[in-house]
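I opened this model to look up the fold of one chain and its contact with a partner. My entries follow the order of the look-ups.

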Amino acid sequence: MRSRTTTALATLAALATLTGAAQAEIRLGASVSATGPAAFLGDPEAKTIEMMVEQINASGGINGEEIALTLYDDGGDPNKARTFATRLVEDDEVVAIIGGSTTGTTMSILSVAEAEGIPFISLAGAISIIDPVREYVFKTPHTDRMACEKIFADMAAQDITRIGMISGTDGFGASMQAQCKEVAGAQGIEILADETYGPQDADMTPQLTRIRNTEGVQAVLNPGFGQGPAIVTRNVAQLGFEIPLYQSHGVASDAFIELAGAEAAEGVRLPGTALLIADLLAEDDPQYQVVTDYTAAYREAYGTATSTFGGYAHDAVALIVDAVTRAGSTDPDDIRDALETTEGLVGTTGTYTFSAEDHLGLDLSAFRMLEIRDGGWSAVD
Amino acid sequence: MTRRMKWIQLGVLAALIVLLPLLFPSGYYYRVGALIFVNALSVVGLVILIGYAGQISLGHAGFAGIGAYACALAPEHLGLHPGLAVLLGAGISGVMALLIGRPILRLKGYYLAVATLGFGILVSMVLTNERALTGGPDGMVVADPGLRDLLRDLGLRLSGGELWYGVSGLVLLVGAWIALNLLDSPTGRAMRALHGSEVAAATVGIDVAAQKLRAFVISAVYASVAGSLLALQNQYVTPDVAGFLHSVEMVTMAVLGGVGSVLGATLGAAILTLLPQVLTVFAEYEQLVLGAVMIGVMIFLPQGLLPSIARRLRGTSE
């Protein structure tokens with residue numbers, strides 16, 4: 001009897017080794033917007049994912065298995081993103097998907113991932129991605145709502161309660177505008193003026209003049225990304241505003257200071273991640289190691305500075321690596337379960353702790369209030 | 001074209017739709033197939049407008065957008081079944097085409113192209129900016145029409161990809177059948193007559209304005225149904241569906257395959273839908289290859305791929 005049990009166990013063990021050998025690689029899929037209108041998001045994301053997979057494989061992979069990456073460029077088109085998601089799941093048979101640089105592409109990938117039961121980590125901002133919580137969907141960037149809350153908290157600390165808003169009508173600006181208006185009341189902020197501009201507009205002086213002429217406005221907030229916020233910043237300087245200007249995390253990159261000009265951008269405040277102030281982080285900062293390692297590796301690989309968006313992709317890869325390591329399995333459901341129990345994983349964006357109710361896992365402390373001084377970033381708090 | 005030719009063309013199309021899945025190694029190919037059929041459907045509509053009646057439109061994505069958003073909005077706000085929403089979208093597109101077609105179709109050449117382009121951009125702007133209704137640039141979720149559950153209750157288990165492959169294929173067949181029927185009908189002949197010469201067509205008693213309008217409305221309905229099908233299978237819509245690039249893509253497909261030929265339109269749609277999938281490794285060069293293909297076709301096969309090749313095979317010149 002005993003010998004039979006031993007034989008059975010030995011057979012099982014042999015089988016396990018065999019099946020293990022059969023999947024000697026971890027198939028990771030990605031669909032990001034490396035070209036097209038959202039390329040400023042997708043390009044650093046694609047580069048980061050490729051770089052990290054290379055690094056991990058060079059250092060022996062996860063649990064001894066290499067990662068086989070399949071990365072597609074959806075060009076920011078949700079229709080293409082859905083096709084690529086289907087391809088990743090059905091044809092490439094990946095065990096996890098990273099991607100969806102924009103909310104539109106994320107929502108297209110999301111339904112495929114949910115239907116097929118493949119864990120998916122989104123790189124887009126909207127709160128609707130993880131609220132309500134979907135079983136297989138996680139995300140790494142902060143939500144627009146958190147950015148609003150962080151900004152309003154900073155305003156409240158300076159006794160600013162009445163503000164004017166000028167928002168872009170692009171996806172990012174419009175979404176953040178709506179979220180800010182939703183949370184403003186709860187934080188004691190009153191929005192007296194609410195202006196918008198098109199993403200291609202070259203001059204926002206009329207809207208800003210209206211804000212300036214609104215009685216009692218104590219600060220201006222500009223949700224938006226791309227060139228719009230840079231023009232707003234320049235116009236604000238030209239019009240000689242004497243009240244502070246707040247930008248969103250959407251422009252948290254050095255390119256913004258270049259576009260707006262260091263002089264006009266002086267004193268602009270915005271919520272950003274530790275990544276932007278990598279050089280200023282104290283060595284005992286919990287994110288110091290992760291952030292400096294990543295920025296150095298990216299600069300060495302591509303010769304340019306990375307951005308917050310590349311950081312989102314970095315954290316997504318790190319989360320999956322962590323989950324696969326802990327799960328000790330490459331089964332999508334095991335990876336999903338491991339992802340959901342992620343605890344205290346330090347990324348470039350913040351420290352992630354997922355739970356069944358929270359698939360974002362960041363809190364406001366992950367945001368740092370930054371101010372532009374002398375053409376560079378400095379931390380306010 | 002004889003009656004026989006019509007049935008041969010439809011037969012070829014039906015055979016392709018039914019037999020191709022036998023070669024599919026994975027479910028992903030059903031998705032690509034369904035996309036090809038949806039694109040082909042809107043391009044068949046353009047064959048009627050551009051190929052038969054000789055009018056250009058750079059704004060047909062606008063109608064696709066109306067069809068797509070009808071499927072997203074009508075179930076949510078009017079409690080309409082998504083299937084009925086397709087018809088509603090087609091109806092709205094048809095009426096819209098009727099209203100704007102009359103003044104717009106008085107224009108010719110570049111002016112007509114610019115006017116239709118303006119319409120397309122208007123639709124996409126409304127979809128982008130009416131955030132409260134359409135969800136803005138982030139788009140909105142489309143309700144599941146429940147077709148899969150219905151078929152499962154009837155004992156037919158299909159994956160989402162297989163279902164939409166079948167539905168789109170069927171709708172494309174019906175669309176192609178209507179377009180081919182139209183070709184040799186009095187209406188089709190009248191359209192082709194005004195394509196040749198508006199003055200000559202008018203002298204033999206053809207109501208030029210009415211025929212142009214008819215072609216415009218029919219093609220708008222095609223684009224609208226295609227947009228609806230896309231929205232239903234993606235379960236998500238964004239204003240990109242109504243974007244200018246989508247309009248250009250449609251016309252490019254029609255011109256590439258052969259603007260007067262229904263099968264050619266399908267071929268053009270198939271090539272341009274497959275190209276980005278085949279060229280994923282060279283994603284950066286996709287536009288380059290596309291441009292080269294278009295220039296090559298324009299220079300060497302000015303009638304479009306299929307008609308030019310067919311003529312060469314027959315060894316005749318018309």
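**Entry 1: overall build.** I counted 13 helices and 14 strands in chain A. Helices (H or I, at least four residues) and strands (E, at least two) are DSSP runs, numbered from the N terminus. I then checked the radius of gyration of chain A: 23 Å, close to the 21 Å from the globule rule for 381 residues, so chain A is as compact as a globular protein of that length. That radius is taken over C-alpha atoms, and the rule is 2.2 Å times the number of residues to the power 0.38. Along the principal axes, the C-alpha atoms of chain A fill a box of roughly 90 × 40 × 35 Å.

**Entry 2: ground rules.** I noted that this is a predicted model, where local features need pLDDT of at least 70, side-chain atom pairs count only at pLDDT 80 or more, and totals for chains, interfaces and linings use all residues. Residues are numbered from 1 along each chain as its sequence is written, while chains are lettered from A and ligands numbered from 1 in the order in which they are written.

**Entry 3: burial.** Of the 381 residues in chain A, 53% are buried (20 or more other C-beta atoms within 10 Å of the residue's own, with C-beta atoms placed from the backbone). I picked helix H8 (residues 228-238) of chain A, where eight of eleven residues are buried. Among them are A:Pro229, A:Ile231, A:Val232 and A:Val236. Just after H8(A), I found A:Gly240 with a positive phi of about 70°.

**Entry 4: the side of chain B.** Which chain B helices touch chain A with two or more residues? First the count: 25 residues of chain B are in contact with 25 residues of chain A (C-beta atoms, placed from the backbone, within 7 Å). The helices are H2 (28-52), H5 (109-129), H8 (160-183) and H11 (208-234) of chain B. H2(B) gives the largest share, four residues. By class, this side has eight nonpolar, twelve polar and five charged residues. Ala, Val, Leu, Ile, Met, Phe, Trp, Tyr, Cys and Pro count as nonpolar, Asp, Glu, Lys and Arg as charged, and the others, Gly among them, as polar.

**Entry 5: one helix pair.** I followed H2(B) to helix H3 (residues 78-91) of chain A: their axes come within 8 Å and cross at roughly 155°. The axes are lines fitted to C-alpha atoms over the stretch in contact, with angles from 0 to 180 degrees between N-to-C directions. H3(A) and H2(B) are therefore roughly antiparallel (over 145 degrees). A:Thr83, A:Thr86, A:Arg87, A:Glu90 and A:Asp91 meet B:Tyr28, B:Arg31, B:Val32 and B:Leu35.

Technical notes:
A residue is buried if 20 or more other C-beta atoms lie within 10 Å of its own, exposed if 12 or fewer, and partly exposed in between; C-beta atoms are placed from the backbone. Two residues are in contact if their C-beta atoms, placed from the backbone, lie within 7 Å. Angles under 35 degrees count as roughly parallel, over 145 as roughly antiparallel, 65 to 115 as roughly perpendicular and the rest as oblique.
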